[in-house]
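Try each one with the structure open before reading its solution.

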2 protein chains.
Amino acid sequence: MDIAILLYDRMTALDAIGPYEVLGRVPGVELAYVAVEPGVKRTDQGLGLCADTSIDDVPRPDIVLVPGGPGEEDVRTDERVLDWLRTAHETTTWTTSVCTGSLVLGAAGILQGLRATTYWLALETLRTFGAEPTLERVVEQGKVITAAGVSSGIDMGLTLAARLAGDEVAQTIQLGIEYDPQPPFDAGSPAKAPAFAVDFFKDRNRFSLR
Amino acid sequence: MDIAILLYDRMTALDAIGPYEVLGRVPGVELAYVAVEPGVKRTDQGLGLCADTSIDDVPRPDIVLVPGGPGEEDVRTDERVLDWLRTAHETTTWTTSVCTGSLVLGAAGILQGLRATTYWLALETLRTFGAEPTLERVVEQGKVITAAGVSSGIDMGLTLAARLAGDEVAQTIQLGIEYDPQPPFDAGSPAKAPAFAVDFFKDRNRFSLR
């Protein structure tokens, strides 16, 4: 089973690495790191990730994963990406995104009429693509799974691992990555975070502190 | 504030990317991706990560982060790494690890007499380095912080972010990465996981399913 993970400049690494770490452990899965132009892509924090494969060489992956990040705005208007997604989606078993990656799926027309999620500050933007935004962490609509911001891709990965290989495999992977979250604060959603944190991002309309 | 993140072949990506995603958002932090030999390092799932900088060029980082993964066994016996860690540790404000990265700190003599944690299957190995193993998720001993397996680095990152910049910044980052974990199962520690999952890893004495 081939999973194509789209890489691009100014993406957010954890968006991709969360589900990558889970799904890459599912027996029989092969991960492909793809981009419009193969080569090194620099994340929003300057880390170089190697896109080894052109999207043209993986036209029909079983699963597509689109991460988000500040660079998503360029990807969303790149017809080469959108054409690839539309074609791939015809035959995928699962089409997935994390964070603002769902806006790329939306721009490709894949979320039309579906409930979907994204980074909390970007939820309303989903409407422009005909999707119905919802502040859930993982949203499954047929074969389309969208996950909320950044770290939610780990939860999405475990959900999808269970679909692919059963609950026992997903639970074994959860132990394998020791995913027993114990955040020192409880500020991970706009509903739970202190007002100063919510206001910080709303005032800036971006999700980096820098 | 410079944070040197050690990269090496067959490391586990999420070990590094969890705290990277948190700590890179702390105002004033500069991340350096370092290795004995700069270049592309391939994770245990084949993803290429760019180590842009030689450890020799960052002899005195403010913070050191050592991730774990199957390749750790080679790193633990590489005197160039151990010498670098020993020298850096003399002047760091924080010396940190995730997963089996703590075994590298241990081999450098940094954990002697300290409580420390690591991937759950590797806990007893910590004793060989004079450390006292404990099955906690994040263990702070003076300026040394060790975290448990793979995903625990996110919790460690938030703990350290609060130390570096205060609770409000850490909470704002938590919202920024939407870290409101909702795993679909509760199998993320040996105490919580079903017996079949624990036995799976114990029988193989490794933490990949593949």
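A crossing is called right-handed if the near helix is turned clockwise from the far one by less than a right angle, and left-handed if it is turned anticlockwise. The model is predicted: local features need pLDDT of at least 70, side-chain atom pairs count only at pLDDT 80 or more, and totals for chains, interfaces and linings use all residues. Residues are numbered from 1 along each chain as its sequence is written, while chains are lettered from A and ligands numbered from 1 in the order in which they are written.

**Exercise 1. Describe how α1(A) packs against α5(A).**

Step 1. Locate the helices: α1 of chain A covers residues 13-23 and α5 of chain A covers residues 152-165. Helices (H or I, at least four residues) and strands (E, at least two) are DSSP runs, numbered from the N terminus.

Step 2. Their axes come within 7 Å and cross at roughly 30 degrees. α1(A) is therefore roughly parallel to α5(A). Here angles under 35 degrees count as roughly parallel, over 145 as roughly antiparallel, 65 to 115 as roughly perpendicular and the rest as oblique. Axes are lines fitted to C-alpha atoms, for helices over the stretch in contact, with angles from 0 to 180 degrees between N-to-C directions.

Step 3. The handedness of the crossing of α1(A) and α5(A) is right-handed.

Step 4. On the α1(A) side, D15(A), G18(A), P19(A), V22(A) and L23(A) take part, and their partners in α5(A) include G153(A), I154(A) and M156(A). Contact requires C-beta atoms, placed from the backbone, to lie within 7 Å.

**Exercise 2. Which way does α1(A) run relative to α1(B), roughly parallel or roughly antiparallel?**

Step 1. The two axes come within 10 Å and cross at roughly 150 degrees.

Step 2. α1(A) and α1(B) are therefore roughly antiparallel, and α1(A) passes α1(B) in a left-handed crossing.

Step 3. A13, L14, I17, G18, Y20 and E21 of chain A meet A13, L14, I17, G18, Y20 and E21 of chain B.

**Exercise 3. How are chain A and chain B related?**

Step 1. A rotation of 180 degrees with 0.0 Å of shift along its axis superposes chain B on chain A, with an RMSD of 0.0 Å. The two copies are thus related as by a two-fold rotation axis.

Step 2. In the interface, 66 residues of chain B contact 66 residues of chain A. α6(B) gives the most to the chain B side, with 9 residues.

Step 3. The copies meet through the same surface, because 100% of the interface residues of chain B are also interface residues in chain A.

**Exercise 4. Is C99(B) buried or exposed?**

Step 1. Find C99(B) in the loop between β7 (94-98) and α4 (101-107) of chain B.

Step 2. C99(B) has 33 C-beta neighbours inside 10 Å, so C99(B) counts as buried. The cut-offs are 20 or more other C-beta atoms within 10 Å for buried, 12 or fewer for exposed, and in between for partly exposed, with C-beta atoms placed from the backbone.

Step 3. Not counting residues up to four places away in sequence, C99(B) touches several residues, among them T12(B), D15(B) and Y119(B).

Methods:
Contact = placed C-beta atoms within 7 Å. Least-squares fit on C-alpha atoms with pLDDT ≥ 70 in both.
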